[in-house]
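Student: Could you take me through the reading of a pair of packed helices, beginning with the terms?

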Amino acid sequence: DYYASRGLGDVYKRQAMDEKATIPRETISRLVKHYLVDKQLTVTPEGIEGISKYLESFVQEATLRSIENHELNGHNQELVLEYDDLEKIIGLLMLDM
C-alpha cells in the first residue's frame with residue numbers, strides 16, 4: 001500500500017475507499033467507443049473489464065492523494081476537494097501509474 005509504506009494517510013480511509021461503488025461497465029464501454037480513433041476497432045468484454053480496473057484505480061488514487069495533500073497542507077476544516085486539489089497531485093500520479 002503506497003501510503004502505509006510511507007507512514008502517510010489513514011488505513012481506514014483506504015479501506016473505506018475499497019468498499020466503493022463501481023463504475024458501470026456500460027458507461028466505460030460507451031466512453032471507450034466514443035474515443036476510439038479507428039471506429040472499426042472492437043474491444044472485448046475482457047478489455048473493457050481491464051480498462052475499468054485501471055480507471056477505478058486511477059480515480060481512487062487521485063482521490064486519496066488529493067485528500068492527503070489537502071490534510072498535509074494544514075486544511076483541517078471540512079474536506080472539500082476541488083479541481084485545484086487534483087491539479088496539485090496529477091503529475092506524480094500519472095508518473096506512478
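Tutor: Contact means heavy atoms within 4.5 Å, and helices are DSSP runs (H or I, at least four residues) numbered from the N terminus. This is a predicted model, in which local features need pLDDT of at least 70, side-chain atom pairs count only at pLDDT 80 or more, and totals for chains, interfaces and linings use all residues. Residues are numbered from 1 along each chain as its sequence is written, and side-chain values use heavy atoms, with hydrogens and water left out.

Student: Which residues of α5 are buried, and against what do they pack?

Tutor: Buried means under 20% relative accessible area, exposed over 50%, and partly exposed in between (1.4 Å probe, protein chains only). In α5 the buried residues are Asp85, Ile89 and Leu93, and they pack against α4 (45-72).

Student: How are the axes of α4 and α5 arranged?

Tutor: Two packed helices are described by the angle between their axes and the distance between the axes. Axes are lines fitted to C-alpha atoms, for helices over the stretch in contact, with angles running from 0 to 180 degrees between N-to-C directions. Here the axes of α4 and α5 come within 9 Å and cross at roughly 130 degrees. The two helices are therefore oblique to each other, given that angles under 35 degrees count as roughly parallel, over 145 as roughly antiparallel, 65 to 115 as roughly perpendicular and the rest as oblique.

Student: Where does leucine 79 lie, and which residues does it touch?

Tutor: Leucine 79 lies in the loop between α4 and α5, and counts as partly exposed because its relative accessibility is 37%. Not counting residues up to four places away in sequence, leucine 79 touches Ile67 and His70.
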